[in-house]
Amino acid sequence: MTTRVLKKSRAVSTLDIWPWKYLVPWMREDLFSRRDARGIDKVHSSKKVNAYDVEDMVMPLHQYINDPVAHEIIHNGATFQITGLTNNSYFDGAHEVRHCARKHPDLGRIVLEVAKNRLDQMLYVGLTEDHEESARLFAHMVGAQVLLQSGTLSLDLKEDLHSETDSHPSMVEPGDEEASEHLNNTHGWQNNEALNSTSDEQGKGNMTVGKLMEAYETCIAKLRKSQSSRRKISLKKVEEANFSKEARKLVPEAILKQIISLNSLDMELYDHAKKIFTQEHLMLKAQQSMAGQHRQLAEQEEGWIGTMCSDGTCSPWVVVLLGLGITTILVLATLAVTTRKRTSKLKV
């Protein structure tokens, strides 16, 4: 296994996180060795257009997926990570289990089921390719609960409601029993009515889900700008290795099939995660809809009381009229019941 690169600062870095703490030094060492082989300042003059097969610049894709490091860390890495069976695991037998799971498909299925079960028990599931929506769900499902428990939340769903034309892709039917059970048992949606409160009991300046999303947008914009600049600088001398969507279309079908085969457990686990994620999205929209209905009812009730009373107090005659009206209704109902009983006796 490749060695780790020492950090220059005490701040949390990519080099602290699995699997990047192993993959970054591995790939950097490979890039530097290829750079040295062609000459540090030599500009690449190859006519090749396939960025995944520029051998004198970067490791070709077919070589990358068959490297021992890729087999040890990358292939089915998500499944092994969730089950605690990576090369970073505290479990001494993790390497043997990974080896057996690759060699024996039946054992791999057992490991996959364990991963699915653990995913079901998680408080929240997000998707990298739907990062913004994942962050929104996280703010509502996790951030809101944390803020409520700390007594600092004044949650106003109106600040962060999706429009009715939201076209989030539905990857599973709302009636999916497996995913629905996950949401009902794990997330406790029925007990989250407190999250729909629009009161501002804590006073002005309190945190809201909307403010959490504003902070996220500010942070992610700066991060993306910084990453874009770093990417341009780091790939300056390997510009032909531009891993774009157009370049991915040039990857041979045989290699794509091999990647799918090597990551079959992760492929199925990903499909399972998409179902959970979609159900989270649907449940949140339903919750927001219910919150809006409760808000409308409350406003209607306040409006009705306002027409009957002024300054929060009702005059005596209004109270008397209400009392008479209720009494009249009760008397009429009693007479109707009594008349019906007498009529039934006469028929008999």
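Student: Is Val97 buried, partly exposed or exposed?
Tutor: In this predicted model, Val97 is partly exposed, with a relative accessible area of 23%; buried means under 20%, exposed means over 50% and partly exposed lies in between, with a 1.4 Å probe and protein chains only.

Student: Which helix is Val97 in?
Tutor: Val97 belongs to helix H5, residues 94-103, where helices are DSSP runs of H or I with at least four residues, numbered from the N terminus.

Student: And what is Val97 in contact with, leaving aside neighbours within four places in sequence?
Tutor: Val97 is then in contact (heavy atoms within 4.5 Å) with Leu85, Phe91, Leu107 and Val111. Thr86 is eleven residues from Val97 in sequence, and their C-alpha atoms are 9.6 Å apart.

Student: Switching to Trp20, where is that one?
Tutor: Trp20 sits in helix H1, residues 20-38, and is partly exposed at a relative accessible area of 44%.

Student: What is the average pLDDT of the protein?
Tutor: The average is 75, and 66% of the residues score at least 70, pLDDT being the predictor's confidence in each residue, from 0 to 100. Over residues 153-175 the pLDDT is below 50, although this stretch has 61 contacts in the model beyond near neighbours in sequence.

Student: What rules apply to numbering and to the values?
Tutor: Residues are numbered from 1 along each chain as its sequence is written, and side-chain values use heavy atoms, with hydrogens and water left out. As the model is predicted, local features need pLDDT of at least 70 and side-chain atom pairs count only at pLDDT 80 or more, whereas totals for chains, interfaces and linings use all residues.

Note on methods. Helices (H or I, at least four residues) and strands (E, at least two) are DSSP runs, numbered from the N terminus.
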